[in-house]
Amino acid sequence: MEKEKLMRLALKLAKKGEGKVSPNPMVGAIITKDGKIIAQGYHHYFGGPHAEIDALKKAKDKAKGSTLYVTLEPCSTYGKTPPCTKEIIKRKIKKVIIATLDPNPINSGKGVQELQRGRIEIETGICEEEAKKVNEAFFKFMKKRIPFVTVKAASSLDGKIATSSGESKWITGEKSRKFSHHLRDTMDAILVGINTVIKDDPSLLAPSKNNIARIILDSRLRIPLKAQVLKNQDRGDTFIFTTSQRDEKKLKELKSRGIKIAIVKENENKVDVNEVVKELGKLEIINLLVEGGGEVIGSFFEKKLVDKIYLFLAPRIVGGKNSITWVEGKGVKFLKETSYIKIDSLKKIENDLLLKGYVKENSSF
């Protein structure tokens with residue numbers, strides 16, 4: 001089997017850890033011998049065995065003299081688990097083929113060096129760009145120490161998320177809403193503004209993930225004490241970012257309930273989203289899903305913090321200058337200042353369209 005085919009199989013295995021291993025990267029591994037696959041593994045959950053160890057356990061004594069394919073450079077340091085490099089050397093693996101080096105500075109290049117000292121042949125760069133894309137959030141976090149920001153919105157074809165009277169349920173179809181909801185399972189945190197909490201009273205919980213962080217931007221602490229997002233703390237902690245304009249009485253009440261409050265700088269009488277992402281970085285949140293509303297999404301675009309979008313488009317025309325759009329805020333004065341979306345995919349979900357794309361700032365059309 002060709003190297004690229006085997007590495008792509010390892011990348012497919014890696015994706016099985018999506019939403020379960022953060023803040024660690026998703027990693028897959030395959031062990032081959034005499035032209036055949038003898039074992040496969042992946043990183044199942046944070047704190048659990050790494051992909052290489054998972055595969056080596058399955059290979060048992062057959063691992064000696066084999067070739068290991070792994071989607072990310074094996075670790076050479078102690079963390080939640082011992083270094084993978086030591087076990088690979090101990091098992092007398094003949095060759096290790098690596099898709100991409102680890103962007104984490106404590107290990108980058110060091111894993112390869114240790115394996116080479118153990119007289120193991122190394123090859124790197126097989127399906128490298130694909131491997132980086134699988135762990136795009138991890139790579140950004142290691143470089144900038146802030147989350148990879150994904151914006152999700154559902155709108156009519158003319159960009160409206162609600163009518164002029166505020167009606168918004170439901171613009172898209174049931175299958176789109178189900179897909180949208182399951183996107184939360186792949187994230188570390190979900191963020192909305194206080195207007196969304198007051199208007200829609202969402203729980204912001206993920207369908208099957210029990211450790212999702214729920215982030216609320218609320219400059220004056222207007223959040224209702226009966227809000228759904230303040231409940232079910234066993235399924236997801238709630239963090240509220242507020243400012244010096246906060247309601248002190250409500251602040252004490254929320255803290256007494258175990259709600260986590262962060263007081264940050266203001267930007268035009270609102271929570272400064274630059275400060276928010278810095279604080280979330282300190283919490284090792286690497287995958288952030290911004291769900292709205294339009295003012296909040298607009299603020300993330302204005303600060304050039306958006307990396308990726310999922311836009312669900314319903315075959316409707318709402319119209320009306322007072323109808324709400326999915327990106328609001330100040331906007332830009334000139335087209336050259338716009339955020340350019342590089343479309344990655346466009347697919348149909350029943351009668352709706354789902355556009356997935358990456359934000360490229362100041363790109364020419």
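**Group meeting: salt bridges, cores and aromatic pairs**

Let's start with one pair. Glu253 and Arg257 join their side chains in a salt bridge, 3.0 Å from N to O. By salt bridge I mean a side-chain nitrogen of Lys or Arg within 4 Å of a carboxyl oxygen of Asp or Glu. Glu253 is partly exposed, at 32% relative accessible area. Arg257 is also partly exposed, at 38%. The cut-offs: buried is under 20% relative accessible area, exposed is over 50%, and partly exposed is in between, with a 1.4 Å probe and protein chains only.

A word on the source. This is a predicted model, so local features need pLDDT of at least 70 and side-chain atom pairs count only at pLDDT 80 or more, while totals for chains, interfaces and linings use all residues. Residues are numbered from 1 along each chain as its sequence is written, and side-chain values use heavy atoms, with hydrogens and water left out.

Back to the charges. How many salt bridges does the structure hold? The count is 23. Take Lys308 and Glu136. Their closest N and O atoms are 2.9 Å apart. This pair links distant parts of the chain, 172 residues apart: Lys308 sits in strand β15, residues 308-314, and Glu136 in helix α6, residues 136-144. Helices (H or I, at least four residues) and strands (E, at least two) are DSSP runs, numbered from the N terminus. Buried or exposed? Both Lys308 and Glu136 are buried.

Next, Glu291 and Lys152. Their side chains form a salt bridge at 2.8 Å, N to O. Again the pair links distant parts of the chain, 139 residues apart. Glu291 is in strand β14, residues 287-292, and Lys152 is in strand β6, residues 148-156. Glu291 counts as buried because its relative accessibility is 18%. Lys152 counts as buried too, at 9%. There is also a network: salt bridges link Lys3, Lys95, Glu121 and Glu123.

Stay with β14 for a moment. Asn287 lies in that strand. Its relative accessible area is 17%, so Asn287 is buried. What does Asn287 touch? Leaving out residues up to four places away in sequence, the list is Ala137, Phe148, Thr186, Met187, Asp188 and Ala189. Contact here means heavy atoms within 4.5 Å.

Now the cores. A nonpolar core is a set of buried Ala, Val, Leu, Ile, Met, Phe, Trp, Tyr and Cys residues joined through side-chain atoms within 4.5 Å. The largest has 32 residues. Which residues have the most contacts inside it? They are Leu191, Phe241, Val290, Phe300 and Ile309. Ile309 touches Val151, Phe301, Trp326, Ile341, Leu355, Lys356, Gly357 and Val359, again not counting residues up to four places away in sequence.

On to helix α11, residues 294-302. Seven of its nine residues are buried, so the helix is mostly covered. Those seven are Gly294, Val296, Ile297, Gly298, Ser299, Phe300 and Phe301. After α11 comes Lys304, with a positive phi near 55 degrees.

Aromatics next. How many aromatic pairs turn up in a search of the whole structure? Two. In Phe179 and Phe312, the ring centres are 6.0 Å apart and the planes are at 65 degrees, so this pair is edge-to-face. The rule: rings of Phe, Tyr and Trp (its six-membered ring) pair if their centres lie within 6.5 Å; planes under 30 degrees apart are stacked, over 60 edge-to-face, and the rest tilted. Phe179 is in helix α7, residues 174-182, and Phe312 is in strand β15, 133 residues apart. Phe179 is partly exposed at 32% relative accessibility, whereas Phe312 is buried at 2%.

The other pair is Phe301 and Trp326. It is edge-to-face as well, 6.3 Å centre to centre with 75 degrees between the planes. Phe301 lies in helix α11 and Trp326 in the loop between β16 (324-325) and β17, so the pair ties together parts 25 residues apart in sequence. Phe301 is buried at 13% relative accessibility. Trp326 is buried at 16%.

Last, the surface. Ile343, Leu346 and Leu353 make a nonpolar patch of about 270 Å². Patches use residues with over 30% relative accessible area and no salt bridge; like charges are joined within 9 Å, nonpolar side chains (Val, Leu, Ile, Met, Phe, Trp, Tyr) within 5 Å. Areas come from the Shrake-Rupley method with a 1.4 Å probe; for residues, only the protein chains shown count as cover. Leu346 lies in strand β17, residues 339-349. Leu346 counts as exposed, at 53% relative accessibility.
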